[in-house]
Amino acid sequence: MTIHIYENAEQIGKAAAAILSAQVLQKPDCVLGLATGSSVLTTYSELIAANKAGLTDFSRVTTFNLDEYCGLPSTHEQSYKHFMRENLFNHINIDESNIFVPNGTAKDIAHECGRYEFSINNAGGIDLQLLGLGNNGHIAFNEPADAFRNTTHCVQLSESTIAANSRFFASEAEVPRAALTMGIGTIMRARKIVMVVYGAGKREAVAAMVRGAVTPKCPASVLQLHSNVVILADKSAVDN
């Protein structure tokens with residue numbers, strides 16, 4: 001686990017974009033695992049700029065998103081597929097058939113989870129996975145639990161996660177209570193992991209992830225066991 005410390009979120013976003021761009025240049029048909037949320041907005045803006053400048057070509061890249069809310073159609077403005085279209089996919093030369101996001105409105109959730117896991121494996125696995133970090137130590141929507149979940153599954157969101165995400169909805173009552181998410185095992189099978197994290201509110205989670213025991217009570221702590229993790233953090237998120 002390597003930690004790089006920056007002054008602010010903008011520097012973090014640019015650094016993450018540089019790593020993702022390097023991955024695409026090194027392997028033009030690579031598989032990227034992508035995240036949503038405010039933490040990755042600068043990263044996606046930088047990737048868009050690089051693509052428009054002809055520096056990065058996404059025409060052969062395949063992407064898998066970490067998660068999606070249950071019950072929200074892909075056209076809903078708070079769905080993660082909509083987020084990805086608005087903030088990345090609509091602005092780069094990626095093939096629509098190479099974009100994968102869990103279907104949160106699937107009638108058979110168990111089948112959808114299995115289908116998504118099969119699609120990742122069929123693509124050859126994830127070369128580089130982009131992650132954020134929740135205040136309670138969750139990665140993707142893997143909440144603190146009694147055991148690590150291996151593969152893509154449906155999870156009930158914690159009250160703290162619902163409260164944190166309520167700022168994107170008209171009220172907390174509108175936040176979905178469940179989501180489909182890649183499992184810890186799926187994330188850990190990525191060949192490289194890059195995490196972006198900033199803000200004093202993440203300091204305890206970062207400390208538990210880096211220095212705490214490996215436990216499903218802090219899902220991100222499992223990253224200590226991965227051989228190739230890069231954490232991009234600002235000074236306020238790191239307890240020096």
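Predicted model: local features only at pLDDT ≥ 70, side-chain atom pairs only at ≥ 80, totals over all residues.
1. Six aromatic pairs are found in a search of the whole structure. In one of them, Phe64 and Phe100 have ring centres 4.6 Å apart and planes at 15°, so this pair is stacked. Phe64 belongs to strand β3 (residues 62–65) and Phe100 to strand β5 (residues 99–100), so the pair ties together parts that are 36 residues apart in sequence.

2. The two partners can also be described by their accessibility. Phe64 has a relative accessible area of 0% and is buried, whereas Phe100, at 21%, is partly exposed.

3. Tyr80 and Phe141 form another stacked pair, with ring centres 6.1 Å apart and planes at 20°. This pair links distant parts of the chain, 61 residues apart: Tyr80 lies in helix α3 (residues 80–87), and Phe141 lies in the loop between β6 (128–131) and β7 (153–156). Tyr80 is buried, with a relative accessible area of 12%, and Phe141 is buried at 3%. Together with Tyr69 and Phe169, Tyr80 and Phe141 form one aromatic cluster.

4. Helix α7 (residues 203–211) contains the buried residues Ala205, Val206, Ala207 and Met209. The buried residues of α7 pack against β9 (192–197) and β10 (229–234).

5. On the surface, Met1, Ile3 and Ile5 form a nonpolar patch, and their accessible area together is about 240 Å². Ile5 is part of strand β1 (residues 2–6). With a relative accessible area of 42%, Ile5 is partly exposed.

Terms used
Residues numbered from 1 in each chain as written. Heavy atoms only, no water. Patch = residues over 30% accessible without salt bridge, like charges linked within 9 Å, V, L, I, M, F, W, Y side chains within 5 Å. Areas by Shrake-Rupley, 256 points an atom, 1.4 Å probe, with all protein chains shown as cover. Salt bridge = Lys/Arg side-chain N within 4 Å of Asp/Glu carboxyl O. Helix = DSSP H or I, 4+ residues; strand = E, 2+ residues; numbered from the N terminus. Buried < 20%, exposed > 50% of the residue type's maximum accessible area, 1.4 Å probe, protein only. Contact = heavy atoms within 4.5 Å. Phe/Tyr/Trp six-rings, centres within 6.5 Å; stacked < 30°, edge-to-face > 60°.
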